[in-house]
Every structure is written in C-alpha cells, then in structure tokens.
Amino acid sequence: MIQNDMLTKLMELDFISLDLGLFLNTHPDNTEAIDTYNQVITAADTLRLKFEEAYGPLCSFRSFAADTKQWAWINNPWPWQKEANISLAGKECL
Amino acid sequence: MWIYEKKLEFPINIRKPSARLAKIMLEQYGGPDGELGASLRYLSQKFTMVTPEAKATLNDIATEEFAHAEMMATIFHQLTQGLTKDEIINSGLDVYYVNHGLGVYPVSAAGVPFSACAFQSKGDPITDLYEDMAAEQKARSTYEYLIDLTEDPDVLAPLRFLREREVVHFQRFGEALDIARDYMNQQHYFFMNKFGCDD
C-alpha cells in the first residue's frame, strides 16, 4: 500500500506550494511569500525523494528509477484507486 | 508541457458505494460548470491573455482544474465499485449504465455529453476574465448543491475541498482582472489592438 504518513505530509506540502504559487502570480513582489514558498519547496523536494526511494516514482519522466530490475512506474495502486488514498472525512476543514 | 504526478491533489477513499451519488457527481466532471470545462476554458484563453500575472493565473488554474477533473472522476469511479443491479436500477444510473457500463464518461448528471458550448474564449482579456470569475461562482454553487444532497463524509471531504478552491480561484481571477484592466487603461502609442501586443 502506497498511502502512508509520508505521502499525506507530501500532499500537504505540495498543496501549500501550489496555493502560494497562485497567490504569487498576482502578488509577484511579496518577498515574504516567496521565502515561505522556497521553504515549502525545499521540504517537499526532500520528502519526495525519500518517498520515491521507498515506494517508487511519483512523476512521469522526471523521477529517478530507483528500482533498476523492474519499471516501478506502472505499479498499482494508481491515484484513483482507494488503496492509494486515505479518507480525510471530518478533517477537511481543520 | 505537463508532467503527471502519481497522486491526487486531495485524497479520496470512499468506503460505501452509492449509485445515486455517483450519478449526481458526474455534473462536476462533464457538466457545463464542471472541472473539465473549467480546465479547457482557461487553457484556451491563456494564449490571448495580457500581463504576465494574468497569463500565469490562467495557465496555473487550468492545470489545477485538470487535477480536479481527475478527482471528480475518482469520486464517480469509487462510488460505482461494488454496486448491485438493484441499486443501479433504483437510482436511475441504469440509463448511463446501458451506454457506458461503469466507465467514466464526461456527461452532466442529466446525461448531456460534455460540450465546449459551455464555455467561451473571446480573445478579449476583460471579457474572458469576467467569464472566468462567473465560472468559479457557478462551480461553487454546484458544489454547494452537491454537498446539500450528500451525507457520506468520505464524499463530503473532497467536495468541500473543491468548493473551497472555487473561492480561491475567484479571488485570483479578480486580482488578475484588476491587473489586466490597469494595463488596458495605459496609453499606448501604437494603433493596433492592444490584445495583440505580447506584453
């Protein structure tokens, strides 16, 4: 099962950087937001590498193939499968 | 260029199948105010957008909407896993089933196939940005109607997340409109249409 605390944390970090990116598109001179964005990107990149080493690649044609015996990109579960996800029921608005 | 990332933007794990919910969730996948239309709208409009800020906004929100289309399709898919024949018939999903089985196909909840007629690309930045703001509000309303008709907390969580994103996008498009309007109001020394100018 691919889903674990590491992936949940990575999804959180990636969401923060996505949302900060949208904010910065219309506030390009906000240096505080750029600093925060860079902190989040650095943390996410570090965690993504750790996750991919343990559970396989996350990005099409951008991830290093850590497993050289088998092309792990094709491995189940895919994101639309339940096993790839947790339910955040009741926690979505925290 | 796009890179696929092998995870959803927000996790979806629906434990209880429901044909009734599956049927109405199609609205935000292939319906007129759904995520697929949103994505194609912004993707198409970005080419004639003015100002770096507004171009980036269209490009990046189009990208996020594509991830939302994947989320709505995932909700439909998971809701249809483990359905019985009776559930399919009693919910009215049978009219969808005879055509698509349990495959994911972009239609509205009422069964109208996805159509580009649901959005515009006018080549006029102000016109397009007003449409985009309206589009975000229409999608927000639709999510609220879906939330009204949903009790399953596993489905409510991603719906609430998606509704929230409509609010944020509306805000960003409003800011982009201000920036684009300021640009359009500036004096230009050429007689060509300002929209054709690659600033």
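**Notebook: Ala54(B) and its surroundings**

I began at Ala54(B) and listed its contacts, leaving aside residues up to four places away in sequence: Ala54(B) touches Met49(B), Pro125(B), Leu129(B), Ala176(B), Ile179(B) and Ala180(B). I note here that the model is a predicted one, and that what follows is computed from it.

I then asked which residues have the most contacts inside the largest nonpolar core. They are Met25(B), Tyr29(B), Ala54(B), Met72(B), Ile75(B) and Phe76(B), in a core of 47 residues. Looking up which elements give two or more residues to this core, I found helix H1 (19-25), helix H3 (35-45), helix H4 (52-79), helix H7 (125-148) and helix H8 (153-185), which belong to chain B. Another core, of 6 residues, lies apart from it, and includes Leu7(A), Leu10(A), Leu13(A) and Leu20(A).

Next I turned to the pair H4(B) and H8(B), whose axes lie 11 Å apart and which pack at an angle of about 165°. I recorded the crossing in which H4(B) passes H8(B) as left-handed.

For the contact itself, I noted that H4(B) supplies Glu53(B), Ala54(B), Thr57(B), Ile61(B), His68(B), Met71(B) and Ile75(B). From H8(B) come Val155(B), Pro158(B), Leu162(B), Arg165(B), His169(B), Arg172(B), Phe173(B), Ala176(B), Ile179(B) and Ala180(B). Sorted by type, the residues of this contact between H4(B) and H8(B) are 11 nonpolar, 3 polar and 3 charged. Ala54(B) and Ile75(B), both listed in this contact, are also among the residues with the most contacts inside the largest core.

I then stepped back to chain B as a whole, where I counted 8 helices and 0 strands, so that the entry for the pattern along the sequence, by the way helices and strands are assigned, reads α-α-α-α-α-α-α-α. Taken along the principal axes, the C-alpha atoms of chain B fill a box of roughly 70 × 30 × 30 Å. Of the 199 residues in this chain, 43% count as buried. Among contacts in chain B with a separation of 6 or more, 78% are accounted for by residues 24 or more positions apart.

Notes: Residues numbered from 1 in each chain as written. Chains lettered and ligands numbered in written order. Predicted model: local features only at pLDDT ≥ 70, side-chain atom pairs only at ≥ 80, totals over all residues. Core = buried A, V, L, I, M, F, W, Y, C linked by C-beta atoms within 7 Å. Buried ≥ 20, exposed ≤ 12 C-beta atoms within 10 Å, placed from the backbone. Helix = DSSP H or I, 4+ residues; strand = E, 2+ residues; numbered from the N terminus. Contact = placed C-beta atoms within 7 Å. Axes fitted to C-alpha atoms, helices over the stretch in contact; angles between N-to-C directions. Left-handed = near helix turned anticlockwise from the far one by under 90°. Nonpolar A, V, L, I, M, F, W, Y, C, P; charged D, E, K, R; others polar.
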